[in-house]
Amino acid sequence: MSQRAFLAGGALDHAAFGRNRLNAENVIDSKNLERALCEKPVSTFSHRALPPFAHAMAVALALFAAEPAFAGKLPAPGSYALQRIQAAPDAELLDAAGQRLRLSKATSGAVTALAFFYSHCQDPAGCPVAWSTFEWARKEASEDPLLKSRLRLVFVSLDPERDTPPVLKLLQDSERSDASVPWLFLTASSRSALAPLLQAMGEEVAFDVDAKGGKTGALNHMLKVFLIDPEGWTREIYTVAFLTPENLLNDARTLALEFPGADNGSKGR
Amino acid sequence: MASNIKLGRKRAALAALLCASALGLSPAQADETCNSPFMSGLIKGQEQYLHVWTLGEKGVGDESDKLVTIDVIPGSKTYGKVIHALSVGGRGEAHHMGFTDDRKYLWAGRLDDNKIFIFDVGTDPSTPKLVKTIGDLTEKTGYVGPHTFYALPGRVLVQALSNKQDHGGRTGLITFNNAGESIATTPMPLENGGDGYGYDIAINPAENLMLTSSFTGWTNYMMDVGQLLQDSAAMKNFGATMVLWDLKAMKPEQVFSVPGAPLEIRWSLAPGANWAVTATALTSKLYLVKEDEQQQWRAKAVADIGDPAAIPLPVDISIAADGKSLWVNTFSDGATRLFDLSNPEAPKEIYAKKIGSQVNMVSQSWDGKRVYYTSSLLANWDKKGADNEQFLKAYAWDGKELKESFAIDFYKEGLGRAHHMKFTAAAPKAEAE
């Protein structure tokens with residue numbers, strides 16, 4: 001995919017991104033792509049003013065501004081069945097208030113979209129895509145009678161050392177609090193406490209290293225979003241090849257129709 | 001004002017983020033052009049190891065089916081040599097392989113005894129390890145002949161070739177999770193022109209589309225090819241369709257008439273392209289699957305492969321990463337042919353070379369500079385006597401000529417019949433969690 005196709009008017013073009021078959025664009029040209037994004041002026045900031053960390057912001061905000069679209073024709077919600085891929089594993093995590101919370105408690109009873117992320121992530125094909133997808137999905141779902149009381153969003157940090165509960169609170173507070181669909185930000189007490197969950201969910205994480213073998217601070221991982229039903233079964237796993245709000249919401253509506261009693265707890269708020 | 005405040009808060013939150021370079025996990029450093037779009041770690045560059053799923057043969061080595069690993073790192077002391085061979089026991093018509101989405105495991109099937117072997121190639125690709133054998137496919141699903149292994153997120157989609165009732169061509173798809181548990185079966189369609197046959201799988205995730213092709217059942221693929229060609233009734237039992245599926249719903253949307261056993265399917269990988277090609281084994285034609293001007297998907301013959309009257313028997317194909325060319329092997333004359341696909345509506349053969357007395361599979365590197373060939377089609381369809389050459393041959397492609405880099409005689413090495421190939425590379429040196 002050309003960088004021109006990827007960047008439609010300075011914003012990520014979801015329709016163009018991942019349009020072609022092999023999941024190769026984001027890896028083949030990942031370095032070049034990232035470089036191009038950093039070098040291209042993004043409407044929100046002037047290029048000269050961009051400190052390194054702002055590149056992530058620019059990319060993220062460009063993502064927020066993009067109107068996502070799915071090129072393919074999706075079947076009507078409820079007209080198909082999502083496979084029961086695997087039982088979602090459990091783990092003890094921490095919420096943004098620092099309170100211990102079983103992951104199963106955060107996912108059971110509702111239709112849950114769960115993504116792993118870390119706040120230092122700057123890969124434009126990584127965490128920012130999940131973030132923007134969740135924002136769009138949350139906005140739409142909060143106005144959808146079928147989903148607003150049944151869908152829940154969960155972000156779990158891959159980086160417990162840096163993504164402490166206060167950092168999670170900052171991120172959580174940056175999102176609108178009046179949306180019907182809750183968005184939980186979770187972390188773990190340590191990397192070792194998180195490791196079994198990552199392994200069970202097939203989310204491989206490795207420290208990125210420079211030419212001298214020193215850690216760069218980045219965590220290499222593949223973007224995945226898990227859709228979990230109210231009984232704890234993983235029913236879809238989205239990769240960058242087909243992660244869009246339309247796709248996610250279509251499947252979430254299918255599960256909401258399958259589980260009409262699903263409850264995200266928003267009715268009591 | 002409210003939106004400005006909100007944006008300001010968002011910026012403030014995001015400003016807390018530190019700069020880091022996240023490049024996405026890339027466990028492999030090279031790859032082919034025919035893998036699932038859901039696979040991670042596809043990076044152009046130099047592949048390091050080539051794995052060949054090899055049919056054991058009586059009187060050759062330990063006579064067992066085996067996964068053979070060859071060092072293909074230029075400059076390596078063992079470049080072009082077999083560095084590992086893992087026998088799995090018995091002979092069950094070893095055939096095709098496919099990676100899981102995380103690229104850590106390689107699934108390999110046998111068409112006769114229906115076993116599926118799962119190899120760990122992520123820990124150390126130079127020495128694959130057998131970690132699981134699925135031996136109850138037919139008992140659990142009724143399907144026979146696990147052929148194509150195609151990665152879905154967290155799952156492997158397996159296309160079978162046959163069934164246990166009549167060992168004919170009616171068959172289905174089986175979805176496994178990555179742990180090797182069967183979670184769904186989907187019969188190939190018999191309605192709207194469907195013949196129920198299966199062969200290959202190719203997915204276009206952005207369009208929510210899957211294509212399948214059709215070959216033949218156990219009775220035919222296990223029959224001696226000389227006997228088969230004389231059996232007019234058996235020769236009618238070949239697939240003549242391709243199916244376009246709604247991937248999400250796993251429901252057939254359209255059945256195309258594609259006579260003559262359409263085999264491997266390749267979607268174009270070119271940016272903006274939205275078409276796929278296949279080759280028909282018995283009628284020697286390239287077919288294009290594409291939307292027409294009315295947004296109707298069609299399959300149409302767009303080129304002959306060699307002289308169809310001579311039955312060159314097209315087998316494997318390999319599309320270039322830019323979608324502009326296609327290698328097509330023809331088993332009967334042992335040739336590989338390069339087609340110009342710049343206009344997919346009218347492919348043109350622009351180069352041909354005889355690889356051996358017989359040739360079946362072809363795999364090219366992402367940059368197209370290296371092309372690998374193996375010889376075996378099916379144990380009972382391979383040529384006899386001196387023409388039954390069994391090899392892996394590697395070539396360098398400079399855009400004009402294939403030049404041999406190395407060749408391995410699989411009989412002299414005591415290995416067997418060389419069939420499907422897959423590339424791997426060692427993981428980059430990063431401290432794993």
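What percentage of the 269 residues of chain A count as buried? The share is 54%, where buried means that 20 or more other C-beta atoms, placed from the backbone, lie within 10 Å of the residue's own.

This is a predicted model, in which local features need pLDDT of at least 70, side-chain atom pairs count only at pLDDT 80 or more, and totals for chains, interfaces and linings use all residues. Residues are numbered from 1 along each chain as its sequence is written, with chains lettered from A and ligands numbered from 1 in the order in which they are written.

**View 1. Helices and strands of chain A.** Chain A has nine helices and twelve strands; these are DSSP runs (helices H or I, at least four residues; strands E, at least two), numbered from the N terminus.

**View 2. Buried residues of helix H7 of chain A.** Helix H7 spans residues 165-174, and its buried residues are Val167(A), Leu168(A), Leu170(A) and Leu171(A). They lie on the same side of H7(A) because they cover an arc of only 155° around the axis, taken from the directions from the helix axis to the C-beta atoms.

**View 3. Helices H6 and H9 of chain A.** The axes of H6 (residues 127-141) and H9 (residues 245-258) come within 9 Å and cross at roughly 50°; axes are lines fitted to C-alpha atoms over the stretch in contact, with angles from 0 to 180 degrees between N-to-C directions.

Note on methods: Buried ≥ 20, exposed ≤ 12 C-beta atoms within 10 Å, placed from the backbone.
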